[in-house]
Each structure stands twice: as C-alpha cells, then as structure tokens.
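Here are some notes to read with the model open beside you.

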Amino acid sequence: MSTPSPTPLLDRVKTPDELRRLKPEQLRQLADELRQETISAVSVTGGHLGAGLGVVELTVALHYVFNTPDDRLIWDVGHQAYPHKILTGRRDRIRTLRQGGGLSGFTKRSESEYDPFGAAHSSTSISAGLGMAVARDLSGGKNNVVAVIGDGSMSAGMAYEAMNNAGAMNSRLVVILNDNDMSIAPPVGAMSAYLARLISGHTYQSIREIAKNIAHKLPKFFEERAMRAEEYARGMVTGGTMFEELGFFYVGPIDGHNLDHLLPVLTNVRDATNGPILVHVVTQKGKGYAPAEASADKYHGVVKFDVLTGTQVKAKSNAPAYTAVFGQSLVKEAQKDDKIVAITAAMPSGTGIDTFGKAFPERTFDVGIAEQHAVTFAAGLATEGYKPFCAIYSTFLQRGYDQVVHDVAIQGLPVRFAIDRAGLVGADGSTHAGAFDNAYLGCLPGFVIMAAADEADLVHMIATQVAINDAPSALRYPRGEGRGVEMPEFGVPLEIGKGRVLREGNKVALLSFGTRLGEALKAADELEAHGLSTTVADARFMKPLDIDLVLKLAREHQVLLTIEEGSIGGFGSHVLQALSDHGALDNGLRVRSMVLPDEFLDHDTPAAMYARAGLDAKAIVAKAFEALGKDIKAETSKLA
C-alpha cells in the first residue's frame with residue numbers, strides 16, 4: 001500500500017465516477033475515512049450504525065468495480081446504506097439522516113438515482129434484482145445488477161423463492177451474501193481468497209463449461225456422475241453446495257474487509273457472462289469502532305452518542321416504554337400460566353420478547369425474519385391448547401397477512417397478536433409506520449381487536465388476551481414511552497367489547513381508540529375553555545365495538561369525533577357503519593372520523609408527524625369547530 005495522502009480522499013470523492021479515478025492502493029485510506037465519516041454522522045443523528053460499519057470496504061469495492069448507477073446496486077433492508085449514501089452525492093446532507101426534511105434512513109428511489117430500489121423491509125433485494133435483470137435482457141441491455149443481502153435476511157422464504165426463480169431463468173445476476181454472523185476465521189484467509197479468485201475467474205469457468213460439454217456427450221449414467229462429482233468437489237472446497245442446487249455459481253467465502261481480496265473477485269464476477277452468481281462475503285458488524293464491536297448488538301440501532309466513549313444520549317423520562325411494559329407483563333402472566341408461549345420474528349429486543357426469553361427460554365421462539373411462518377407456527381401451537389403471543393410490528397405483520405386470514409381467522413384459533421409500533425414511528429418513516437392494521441384486521445370476522453390508551457391499559461389488555469381462548473385477538477400499542485400514569489401490579493381482564501367514559505359533557509364527544517386519548521383530553525380542556533362541554537371516551541375495543549357507548553354518545557351530543565392512529569377503513573369506519581345500521585345518522589348528528597391522511601408520511605419526530613397528520617390536540621379542536629360550523633380563529637380571539 002502507498003503512503004496515505006495528507007489530503008482527505010473523501011473530500012475529492014463526491015460520486016462513484018470520482019471514486020473510480022483513484023488508484024486501487026488509495027482505496028484503503030478512502031475506506032478508513034468513510035468509516036470515520038459514518039461514525040461521526042450517526043453520532044449526530046442516531047440510526048443504524050453497526051451494519052453500515054460492517055460494509056464500508058464492500059461499499060467502496062462495489063462502487064469501484066461496478067459502473068453505478070448504470071449498473072444497478074440494490075441494498076437489502078437499507079440498514080447498511082449510510083456509507084453508500086456518503087459516496088453517492090449525499091455526504092453534504094448525511095447529518096440530516098432521519099430528521100424532518102432530511103435523508104431517509106433507508107434507500108429511496110426518489111432520493112437518488114443510485115438507489116434503484118427502495119428498501120426497509122428485508123429479503124426483497126434478490127426478487128427486485130431479478131426483475132431488473134430480466135427487464136435488461138428483454139431490452140437488450142448489458143448492465144450488471146447486484147443485490148447485497150445479509151445472512152439475517154436469508155432466513156426469509158422470499159429470498160429463496162427469488163433464488164430458485166433466478167437459477168431457473170439463468171439471467172445474469174450477482175448476489176452478494178453479506179455474512180456478518182461469524183467472526184473472520186482462518187478459512188477466510190489467503191488460501192480462501194486465492195480459491196475464490198480462481199473459481200470466479202474466466203479460466204476456471206471456461207474449463208468448467210468445457211467439462212460440462214464433454215460430460216453432456218457421455219452416456220447419461222456417466223454424465224450424471226461427472227456433474228455430481230464436480231459439484232461436490234467444489235462444495236467441499238467452498239461450502240456452496242446449497243446455492244449451487246438453486247442454480248447459482250457460488251464464490252467464497254472471502255474476507256469482506258480485505259480490499260485485495262474483494263477487488264479481483266468482484267472484477268471477475270463483473271466480467272462473467274453466465275447466469276446468476278453468489279459471492280459469499282464475510283464481514284464484522286460494527287467493524288472499526290470499538291464500542292460497536294464490544295456491544296452485543298454491534299450498535300445495530302443507536303440514538304445520538306459520544307464518539308469517543310460510545311455512550312448513547314438517552315432521553316430522561318419517568319414513563320416506561322410500551323415495549324418494556326409488554327415484556328414485563330407477559331412474564332407475570334406466564335408465571336401463572338405455563339401454556340403461554342412467545343414468538344418473535346427476529347425482533348426479540350424490539351418487541352420485548354427478550355425479557356420473556358430470559359425468564360422462559362424454553363417457551364420463547366425466535367423464528368427469524370419469517371413473519372408468515374411465525375403466524376402459522378403460532379396457529380399450530382394454538383391447536384394444541386397453548387396460548388401463543390405472536391409479537392410482530394404492525395408494518396411487519398403485513399407480510400404474514402395471508403396466514404392471518406387463512407391459518408388463524410378462518411379457523412378461529414386463539415392466537416394472540418401483540419402489535420408493536422402501531423401508529424407513526426418517527427425517524428423510521430413510512431416504511432415502518434403501523435398505519436394499516438386497524439383496517440386490514442378489522443375486516444376479518446371473529447377477531448377481537450384492542451388498542452391500549454396508555455401503559456396501564458396495556459397491562460390489563462395483555463391479561464384480557466390471556467383469557468380469550470375462543471378467538472384470535474390483536475392488541476396494538478405504539479413505539480416509545482407512555483404517559484406516566486399509575487401502573488397496576490397485575491393485569492385484570494377487561495370486559496370484551498366495552499369502552500369507558502373519562503369525562504362527561506353534552507356538546508362535543510371525542511371517542512378515541514388508542515394512545516391519542518392523551519391528545520383528546522388536552523383538546524377537551526381547550527374546548528371547555530371555549531364553552532363547549534366535552535365528553536371524552538376511550539373505545540378500548542374496535543371489535544367487538546361498544547355499540548351502546550357509540551349510540552349514547554350519538555344521542556347526547558351534537559358532534560361526535562372518532563380519533564385513531566390508523567388509516568381510513570379502520571376504527572372510524574366501524575363506528576360510522578354502526579351509526580348507519582342503527583339509524584343514528586338521521587337526527588342531525590355531525591360525525592367526523594379523524595384518521596391518518598391518505599398518503600405516506602415522511603420521517604420526522606413523532607410529534608411533528610402527528611401534527612402534520614392532523615391528529616394532535618390542536619387539530620382535534622379545529623375539527624370540532626369545523627363540525628359545528630364555527631370559525632376557530634374568531635372564537636379564539638374572543639377568548640383572548
């Protein structure tokens with residue numbers, strides 16, 4: 001390697017075409033600078049750090065060898081894409097990551113031509129890449145398509161469906177398997193790199209093709225034996241037999257942090273002409289930043305932190321997080337009931353199942369990134385009398401919807417869905433927002449659907465789910481901290497389908513479903529200040545709906561507002577259906593449903609997102625005035 005340049009190379013590399021003007025021996029310095037820039041940026045913004053640090057060298061090598069953006073580079077999930085963003089014209093905005101109006105924390109087509117496919121949910125890259133490769137073939141193009149997928153994402157069936165299809169179609173596609181679940185062991189050294197370079201090279205592939213042609217001319221018995229011998233000989237050397245069975249030419253494993261290994265292999269792969277190729281690259285998550293390397297999760301997701309110490313800046317609050325309350329409450333219930341089991345799809349800490357797992361490891365099941373399997377696995381447990389709690393984010397449960405319908409709902413199996421991240425989620429933006437579960441579960445017959453208004457209510461609703469043994473149930477709750485209410489020691493099952501009234505009035509009724517209840521109470525205070533007597537009610541259940549409560553509110557008020565953290569077609573639609581069915585819309589009642597707007601909201605702080613969505617206290621007050629035909633500005637000036 002040459003002596004490092006005193007001038008930062010990263011200052012000279014704004015886009016990949018400038019990167020490709022560097023000499024290979026300069027890339028080590030560039031990678032080191034890129035790693036430091038990534039650490040510095042994420043320390044300011046928070047976000048996904050460990051995955052990006054693990055692919056710094058791979059990112060540099062890919063953009064150096066391949067002619068992006070003409071060559072398509074697809075990052076699965078997008079957690080590891082920050083270094084990619086820095087190298088593709090976005091360094092000047094990298095400290096706006098996940099901030100309102102700033103860069104997305106994931107790849108996004110509208111953000112850059114270097115992001116050919118938007119990501120945030122895992123295991124989509126090979127399918128998307130194959131689609132691009134086939135489109136290229138149909139158009140007579142010559143560009144490369146490269147999909148980078150992590151070993152965790154390979155636990156999802158979609159990745160194998162795509163590989164099986166790619167192997168059968170024989171389109172030219174490069175898949176980089178980023179394996180960061182193991183340390184770089186001796187096999188991933190000089191000999192492994194030499195073999196990978198040899199196997200990926202044109203000479204070896206040509207010899208292999210000649211051998212195949214010769215084998216094809218032999219009697220079938222000898223042809224099959226010859227092909228099988230070659231395949232297993234390569235499998236013994238490289239470990240790629242499984243991928244070969246799927247129709248991929250396997251190369252690896254190689255050290256993903258060694259540019260001297262990466263560059264020649266990727267160059268060989270780029271110049272290959274035959275079918276799909278899988279390159280197995282071994283990396284270390286959190287590489288090059290000691291606090292991340294030492295952390296159990298390799299700093300997968302972080303808030304703002306001190307670069308020197310790695311200490312993360314935690315917001316001070318006395319209110320517990322909903323996720324923590326769920327985990328702790330489920331443990332208490334399981335101490336009383338040995339039929340309770342917990343299931344997560346690769347998100348044990350994100351869902352609170354890690355707490356349950358420490359207390360009951362034999363009753364805890366992490367099935368990997370496989371939401372479809374998680375749902376049907378839970379259904380199987382339920383058939384045998386167990387009480388499965390299937391804890392999956394709202395946005396990820398969408399991936400298992402067919403199984404929810406066919407394997408759970410139609411059979412009426414008592415699977416308990418704990419739906420974390422319901423509503424808007426802030427910095428993770430539209431891809432992780434739990435906007436649709438009210439609508440997509442609410443249309444299913446036989447479901448019991450609840451939403452916790454606060455952390456205390458969550459405790460009682462978990463106990464309620466434990467007691468439901470004749471139907472599937474769903475409990476939704478948001479990301480973040482609760483309202484700091486007094487917490488019960490143990491949960492008490494609620495009466496199914498019954499809401500509660502927290503404040504009595506006679507002019508305006510606010511019927512909340514979920515944690516917008518706090519904003520509804522604030523809105524009621526302001527409405528009262530304007531002389532508008534206001535009732536605040538918490539529905540608690542969307543299915544079965546408290547019809548008596550809904551009709552009472554309709555009879556006794558001029559205005560009824562429903563408020564929820566979900567899309568159109570959810571709670572408000574159920575209330576309107578009930579009012580229509582009972583003729584309660586015929587007496588001049590003014591009803592308004594307050595839901596998330598019919599758009600995908602970009603990332604920001606949760607408070608800013610809810611204000612933009614029109615679901616905060618200010619918007620509730622404005623909606624009440626609108627329904628009454630009053631001018632809120634005029635009324636406010638009178639009050640002043």
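**Notes on the predicted model**

1. Arg421 is buried, at 13% relative accessible area (buried means under 20%, exposed over 50% and partly exposed in between, with a 1.4 Å probe and protein chains only). This residue sits in the loop between strand 9 (416-420) and helix 20 (437-442), and its phi is positive, near 60°, though it is not a glycine. Helices (H or I, at least four residues) and strands (E, at least two) are DSSP runs numbered from the N terminus.

2. A word on the ground rules: this is a predicted model, in which local features need pLDDT of at least 70 and side-chain atom pairs count only at pLDDT 80 or more, while totals for chains, interfaces and linings use all residues. Residues are numbered from 1 along each chain as its sequence is written, and side-chain values use heavy atoms, leaving out hydrogens and water.

3. Ala346 is another non-glycine residue with a positive phi, about 70°. Its loop runs between strand 6 (340-344) and helix 15 (348-351). Is Ala346 buried or partly exposed? Ala346 counts as partly exposed, because its relative accessibility is 30%.

4. The bond from Thr68 to Pro69 is cis, with omega near 5°, and Pro69 lies in the loop between helix 4 (56-65) and strand 1 (72-75). Lys543 and Pro544 are also joined by a cis peptide bond, with omega about -15°; Pro544 belongs to the loop between strand 15 (541-543) and helix 23. For context, most residues other than glycine have a negative phi, and most peptide bonds are trans.

5. Next, please trace the open sheet of 5 strands, whose order is 12-14-13-16-17 with mixed pairing (two strands pair if DSSP finds at least two bridges between them). Strand 12 (500-503) and strand 17 (590-594) are the edge strands, each pairing on one side only. On average, neighbouring strands here are turned by 20° against each other, direction ignored. Strand 12 and strand 14 (residues 534-538) run antiparallel and are joined by 3 bridges; Arg503 stands opposite Val536 in strand 14.

6. Which helices lie across strand 12, strand 13, strand 14 and strand 16? Helix 22 (residues 517-529) does, at about 170° to strand 14, and so does helix 23 (residues 547-556), at about 155° to strand 13. Contact means heavy atoms within 4.5 Å, and axes are lines fitted to C-alpha atoms, for helices over the stretch in contact, with angles from 0 to 180 degrees between N-to-C directions.

7. Helix 2 (residues 27-45) and helix 5 (residues 82-90) pack at about 110°, their axes 10 Å apart. They are therefore roughly perpendicular to each other (angles of 65 to 115 degrees count as such). Leu34, Glu37, Thr38 and Val42 of helix 2 meet Tyr82, Pro83, Ile86 and Leu87 of helix 5. By class, this contact has 6 nonpolar, 1 polar and 1 charged residues (Ala, Val, Leu, Ile, Met, Phe, Trp, Tyr, Cys and Pro count as nonpolar, Asp, Glu, Lys and Arg as charged, and the others, Gly among them, as polar).

8. Finally, helix 25 (residues 606-613) has Met609, Tyr610 and Ala613 buried. These buried residues fall within an arc of 95° seen down the axis of helix 25, so they line one face (the arc is that of directions from the helix axis to the C-beta atoms). Gly614 follows helix 25 and has a positive phi, near 75°.

Terms used: Angles under 35 degrees count as roughly parallel, over 145 as roughly antiparallel, 65 to 115 as roughly perpendicular and the rest as oblique.
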